[in-house]
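Here is a short briefing on one protein chain. Look over the sequence and the model first, then read the points below.

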Amino acid sequence: MAIEKIIMPQLGESVTEGTISKWLVSIGDKVNKYDPLAEVTTDKVNAEVPSSFSGVIKEILAEEGTTLAVGEAICTIEVAGVSGVSGVEAVVETNNRPAKQELEKIKKEEQPNKKRYSPAVLRISQENDIDLEQVNGTGAGGRITRKDLLQLIESGSIPKVGAIKQDVTEEIVSTITRAEIEKVKQLQPLAPPSTVPGDIEIPVTGVRKAIAANMVRSRTEIPHAWMMMEVDVTNLVEYRNSVKEGFKKKEGFNLTFFAFFVKAVAQVLKEFPQINSMWAEDKIIQKKDINISIAVAADDSLFVPVIKAADEKTVKGIAREITELAKKARSGKLVSADMQGGTFTLNNTGAFGSVQSMGIINHPQAAILQVESIVKRPVIINNAIAVRDMVNLCLSIDHRVLDGFISGLFLARVKEILENTSKETTSIY
C-alpha cells in the first residue's frame, strides 16, 4: 500500500491558483482512476479534478472554499500496487504540464517557490502588515499559501515588517527621508466599509474572487491606453437582417452581428500581427495562431472561452462556435481546453446596451476590443443628414507592446471591412 497525493492542477493559461468549490468524495470513499474528486473554480473555468489512481480517499487537505496554489496537494489516496509515476506527477501529466517542470525544479532546490506570492497572499499580507520574508510556506517548493497566513493571524503571532534593512541602497535613502519612513511605518491598513441595518453582505468566493484577483493583476501590471472609432454598419445590418431567418431554419442556430465582428477582427489580426502579441518581460511574443477569446456571462460569473484559429473559419463557423461556447458556459460544461490559448479578446458589450466602455485587458494578452451597441444616429453624408446604423469600437492596449500608430491602423482596417460588408462582398459560408 502507498499514499499518493493529488495536486491542484493548472486549469488555464496564466492561472496560478484554484478554489475548492465542492468535494465530490469523502474520507474512506473508494474511487477509480479518472473519477472526479472535487469541483475547482478559477477566474477562467469551473472544472473537476480527476483521480490519477484507483484507491481509497485517505485525507482531504483543503476544505471547500479554500484557495490553493497550482501544485499544492488537495487530498491523498491510499493505493495498492502502485507503479510508474507518483500521484503528483500523474495529475501533472494529464492536467498541468507546466507544473511538471516546476516539480522537477523542486526536487533540485529546497524552496524554489518561497518568493512566488499569489495575489491572495499579497493582499492578506498587506492588509495585516505581515513580513513574508519571515513566513515559512507549507506549499509546493516552500510557497507561502493563503492558509499559512490565516493560521498566523489566528495564532496572533504575526511577523511584522520591521525597521528598514541595513543593506538598503544609498539611492533609496537619498530619496526617502527618515521622517517620511516613520510616517509610512505608522500607516495602518484601511478598515473595511461599515454596514448599517438593511445592508446585505455577500461573501466574495469562487469565480468572483478569482476574477477580482485577475483584474487587479491586469490593472497593476499592464499600462493601459485606449482608443475609440465610430463605424457605419448600415450595410452589414441590412445584409444580416435579410438572411437571418433563412439561416436559422437551415443551420439551427442564430446568425448574430457579433459573428461578423469576430470574422473581421480575425482577418485584421492576420494583417497586423503586432496586435496579436504578449509581453514577456525581456521580449514580446508575437503569436502565430489567431485565437479569439470572447466574454460570456453566466449568472454572476464571467467566462472567457476561446474560438481557436478564428482566421480560418467562415462567418457560419464562428457563429456556431459562439453559440456552442455560450451554451457550455451557461450550463457549467466548459473545460480547461475551452479556455486556453487565447491571443486577443473581443467583448460584446453592446449586448447590454452599452455605447462606450474601456475594457481591462485579459492578461497576458496585449489588447481587448469592446464591440458596443449598434444604434441609429443622424450622420452627414454628401452634405446631407442621413440616419445610419452606427457602432463604437473601443480598443484597450498594453502600452508596453503597442502604440497609438499601429492601434489606429488596426482599428481603421477593421472599420473598412465592416463598412464594406454586404451581400455582394461578404460570404457567410
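Glu281 is exposed, with a relative accessible area of 62%; exposed means over 50%, buried under 20% and partly exposed in between, with a 1.4 Å probe and protein chains only. This is a predicted model, in which local features need pLDDT of at least 70, side-chain atom pairs count only at pLDDT 80 or more, and totals for chains, interfaces and linings use all residues. Residues are numbered from 1 along each chain as its sequence is written, and side-chain values use heavy atoms, with hydrogens and water left out.

**Overall make-up**

- The chain has 12 helices and 19 strands. Both are DSSP runs, numbered from the N terminus: helices are H or I with at least four residues, strands are E with at least two.
- The chain has 429 residues, and 45% of them count as buried.
- Take the contacts between residues at least 6 apart in sequence: 65% of them join residues at least 24 apart. Contact means heavy atoms within 4.5 Å.

**Backbone features in loops**

- Glu281 sits in the loop between β10 and β11 (284-286). Its phi is near 60 degrees, a positive value in a residue other than glycine.
- Ala309 also has a positive phi, near 50 degrees, and is not glycine. Ala309 lies in the loop between β15 (306-307) and α10. It counts as partly exposed, at 22% relative accessibility.
- His363 and Pro364 are joined by a cis peptide bond, with omega about 5 degrees. Pro364 belongs to the loop between β16 and β17.

**Helix α12**

- Helix α12 covers residues 404-419, 16 residues in number. From first C-alpha to last, α12 reaches 22 Å, close to the 22 Å expected at 1.5 Å a residue. The expected span is 1.5 Å times one less than the number of residues.
- Asp403 caps the N-terminal end of α12. One of its side-chain oxygens lies 3.2 Å from the backbone nitrogen of Phe405.
- The buried residues of α12 are Ile406, Ser407, Gly408, Phe410, Leu411, Val414, Ile417 and Leu418.
- An α-helix has 3.6 residues a turn, so residues three or four places apart point the same way.
- The cover over the buried residues of α12 includes the helices α8 (234-251) and α9 (257-271). It also includes the strands β9 (224-232), β16 (344-347), β17 (367-371) and β19 (384-398).

- Helix α10 has 16 residues and reaches 23 Å from its first C-alpha to its last, close to the 22 Å expected.
- Buried residues in α10 include Val315, Gly317, Ile318, Ala319, Ile322 and Leu325. Lys316 and Glu321 are buried there too.
- The axes of α9 and α10 (residues 315-330) come within 9 Å and cross at roughly 120 degrees. That makes α9 oblique to α10. Axes are lines fitted to C-alpha atoms, for helices over the stretch in contact, and angles run from 0 to 180 degrees between N-to-C directions. Angles under 35 degrees count as roughly parallel, over 145 as roughly antiparallel, 65 to 115 as roughly perpendicular and the rest as oblique.
- On the α9 side, Phe258, Ala259, Phe260, Val262 and Lys263 meet α10. Their partners in α10 are Val315, Ile318, Ala319 and Ile322.
- Gly332 follows α10, and its phi is positive, near 70 degrees.

- Asp338 is found in helix α11 (residues 336-339) and counts as buried at 14% relative accessibility. Its side chain makes a polar contact with the side chain of Lys328 at 2.8 Å. A polar contact is a pair of N or O atoms within 3.5 Å; within protein, one must be able to donate a hydrogen and the other to accept it, and residues adjacent in sequence count only if both atoms are side-chain atoms. Beyond its neighbours within four places in sequence, Asp338 touches residues including Pro305, Val306 and Leu325.
- Ser277 lies in strand β10 (residues 277-279) and is buried at 1% relative accessibility. A polar atom of its side chain lies 3.4 Å from the backbone oxygen of Pro273.
- Val79, in strand β8 (residues 73-79), is buried at 4% relative accessibility. Its contacts beyond four places in sequence are Met1, Ala2, Glu4, Phe53 and Ser54.
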